[in-house]
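Please look over the sequence and the structure shown below before reading on. The briefing that follows takes up a pocket, a surface patch and the chain as a whole.

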Amino acid sequence: MKKAMTWLKNIRPLKVLTVFLAGIFLFLTQACGAPGVAAQPPQAGSQAPKIERYDSTKDYPLNSPAGGMNNFSDVDPRAIDEKAANDRADALVKNAQKNIDQKGIDSREQYGENYKQGTPLGERVKNLGEDIGSSAEEVRKGVVKGTQRGIENLKGNTQNATEDVTKNVQRGAEDAGKNVKRTAEDAGDAVKGAVRNAD
């Protein structure tokens with residue numbers, strides 16, 4: 001009960017009046033401000049978009065079942081351009097075949113001939129060793145780069161943490177100073193109130 005009474009005593013009529021007036025001002029500016037903004041007529045040069053309305057008397061054609069989700073195609077039928085898609089697919093197939101044919105040693109026929117002729121085991125092992133060696137070198141380089149990035153990230157994180165700690169300490173000191181000042185002001189106000197009540 002004492003807390004409620006002290007809270008009511010601390011409320012100043014000027015603060016309540018200020019909040020009340022600010023609320024009324026906000027209400028009036030929203031209700032009365034900028035008339036006609038929402039109901040502007042369309043400009044002379046602009047046309048409203050043509051919207052087709054659903055007519056219940058018309059018979060609209062439906063998509064035929066195609067086996068997709070809910071027995072219909074998963075692709076929007078308006079977006080299908082089969083000729084362009086087929087042309088693009090043919091071009092990709094031709095490009096892939098051209099790439100396979102142009103690579104002499106990597107072609108299917110060359111692999112088949114090497115296998116049929118029985119490339120010597122030593123040469124196959126040598127090729128395999130070179131591939132493994134280059135792969136191991138790439139892995140080593142990747143590990144070194146990853147380690148360097150990790151160290152840089154760790155340095156940055158440590159620096160950020162120390163900066164955050166110092167900022168938090170400074171804020172804590174500032175807050176403590178403000179709290180001491182407020183406490184002193186509150187104590188002064190209490191003494192003044194006690195003196196006034198004593199009169």
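**A pocket and its surroundings**

The second largest pocket holds about 190 Å³ of space, a volume being the space filled by probe spheres set on grid points joined across faces, edges and corners. A pocket is, on a 1 Å grid over the protein atoms alone, an open set of points with protein on both sides within 12 Å along at least five of seven lines, and its lining residues have an atom within 4 Å of a point. This is a predicted model, in which local features need pLDDT of at least 70, side-chain atom pairs count only at pLDDT 80 or more, and totals for chains, interfaces and linings use all residues. Residues are numbered from 1 along each chain as its sequence is written, and side-chain values use heavy atoms, with hydrogens and water left out.

**Pocket lining**
- K9, N10, R12, K15, D186 and D189 line the second largest pocket.
- Two or more residues of this lining come from each of α1 (2-10) and α5 (121-198), where helices are DSSP runs of H or I with at least four residues, numbered from the N terminus.

**Surface patch**
- On the surface, L14, L17, F20, L21, I24, F27 and L28 form a nonpolar patch with about 740 Å² of accessible area together.
- L17, which belongs to helix α2 (residues 13-32), counts as partly exposed because its relative accessibility is 45%, between the limits of under 20% for buried and over 50% for exposed (1.4 Å probe, protein chains only).

**Whole chain and confidence**
- The protein chain has five helices and zero strands, and 1% of its 199 residues are buried.
- Its mean pLDDT, the predictor's confidence in each residue from 0 to 100, is 76, with 72% of residues at 70 or more.
- Among the elements, helix α4 (residues 108-117) has the lowest mean pLDDT (64), while α2 has the highest (85).
- Where pLDDT is low, predicted coordinates should not be read in detail.

Key:
Patches are made of residues with over 30% relative accessible area and no salt bridge: like charges are joined within 9 Å, nonpolar side chains (Val, Leu, Ile, Met, Phe, Trp, Tyr) within 5 Å. Accessible areas come from the Shrake-Rupley method with a 1.4 Å probe; for residues, only the protein chains shown count as cover. A salt bridge is a side-chain nitrogen of Lys or Arg within 4 Å of a carboxyl oxygen of Asp or Glu. On a 1 Å grid over the protein atoms alone, a cavity is a set of points where a 1.4 Å probe fits but cannot get out, and a pocket is an open set with protein on both sides within 12 Å along at least five of seven lines; lining residues have an atom within 4 Å of a point.
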